[in-house]
Structures are given as structure tokens and as C-alpha cells.
Amino acid sequence: MEPLTLTTGAIATLVLVTVTEKASEKLGELVVEKAGKLLSLLRIKRANTAKAIELSQQKPLDYNKAVGELEAARTDSEIAKAVVEVDTAIKTNPKIYQTIQAYATVLKSQPPTTQNLTNIIQKIEKVVNLTQGDGASTSIQNQNINI
């Protein structure tokens with residue numbers, strides 16, 4: 001898989017945080033905290049981008065447009081810092097990083113719908129649950145993810 005870019009990872013994280021009820025359990029509290037900070041900044045400074053991300057469960061998100069908008073928003077130093085913080089938080093846990101990377105790949109490759117977002121999240125949760133709490137170095141990329 002290609003490396004995760006700052007904005008790609010941030011968008012995928014924001015979408016997952018907004019559509020997953022138990023995001024902090026699945027993605028870790030630090031990732032959710034940093035994503036929440038970024039989303040708050042976007043609500044203030046880039047309301048349309050934030051709204052599109054928040055409504056992505058009901059209305060398909062134009063992922064490439066969202067990435068482009070977030071790239072443009074990174075000219076703002078606060079938003080740029082928040083994007084870097086999300087990226088850093090994602091990369092602190094290989095399981096979370098690989099989950100976000102897999103999700104970003106799916107978002108880039110097909111337009112999301114409510115149904116496929118639900119299916120994707122369920123599949124990601126299954127893989128994450130396989131790697132939680134066992135203390136082993138099981139990697140999500142070793143799991144078969146047919147998204």
C-alpha cells in the first residue's frame with residue numbers, strides 16, 4: 001500500500017470518527033481527541049469541509065475534493081498543526097495506522113454510500129478486534145480485508 005499522506009489520513013480519520021459511535025475504543029482516545037480538535041477548527045474556518053465530513057454517512061463524500069480542500073486549508077497554521085497532530089497520533093499505533101490506511105484506500109477508490117460505509121466500518125472493527133488485547137504483534141495487514 002502507498003504511504004499515507006497527512007491530509008489523506010486526516011480525512012479518513014475524520015470520516016471514521018464521525019460515523020463510528022465507539023470511535024475512541026476503535027481508534028484510540030488520542031486519535032479521536034486530535035481528530036476532534038481538527039474538526040472543530042474546520043467548523044470555524046472551513047465550515048463547508050467540516051459539514052461534508054460530518055454528513056458523509058448520509059451523503060456521499062467527494063473524497064478527492066475533501067483532500068484538496070484540506071490541503072488548501074493547511075495554509076492556516078492552526079489547521080496545519082492540527083493535521084500534523086492527527087497524523088502523528090495515527091502513526092503511534094501501527095494497527096490504527098493500517099486501519100486508517102485501508103479505509104483511505106477504500107474512500108479513494110469508490111464513492112461512499114451509507115451502506116458501504118457501514119459495511120467498511122464493520123469489517124474494520126472485526127479486524128481491529130482481532131488485534132486488540134492479545135498482546136501479540138498481529139498486524140492488520142496480515143488479516144484478509146475484503147472491503
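Predicted model: local features only at pLDDT ≥ 70, side-chain atom pairs only at ≥ 80, totals over all residues.

Biologist: Let's start with L38. Where is L38 found?

Modeller: L38 is found in helix α3, which covers residues 29-45.

Biologist: And is L38 buried or exposed?

Modeller: Buried, because its relative accessibility is 0% and the cut-off for buried is under 20%.

Biologist: Which residues does L38 touch, not counting residues up to four places away in sequence?

Modeller: L38 touches A10, L14, I79, A82, V83 and V86. As for E78, its C-alpha lies 8.8 Å from that of L38, while the two are 40 residues apart in sequence.

Biologist: New topic, then: at what angle do α1 and α6 pack?

Modeller: About 80°, with the axes 9 Å apart. Angles of 65 to 115 degrees count as roughly perpendicular, so that is the label for α1 and α6.

Biologist: Which residues make that contact?

Modeller: On α1 they are L6, T7, G9, A10 and T13, and on α6 they are V83, V84, V86, D87 and I90. Six of the residues in this contact are nonpolar, three are polar and one is charged.

Biologist: What about α1 and α7, how do their axes cross?

Modeller: At roughly 90°, and the axes come within 9 Å. α1 and α7 are therefore roughly perpendicular as well.

Biologist: Which residues meet there?

Modeller: T8, G9, A12, T13, V15 and L16 in α1 meet I100, Y103, A104, L107 and K108 in α7. That contact has seven nonpolar residues, three polar and one charged.

Methods
Residues numbered from 1 in each chain as written. Heavy atoms only, no water. Helix = DSSP H or I, 4+ residues; strand = E, 2+ residues; numbered from the N terminus. Buried < 20%, exposed > 50% of the residue type's maximum accessible area, 1.4 Å probe, protein only. Contact = heavy atoms within 4.5 Å. Axes fitted to C-alpha atoms, helices over the stretch in contact; angles between N-to-C directions. Parallel < 35°, antiparallel > 145°, perpendicular 65-115°, else oblique. Nonpolar A, V, L, I, M, F, W, Y, C, P; charged D, E, K, R; others polar.
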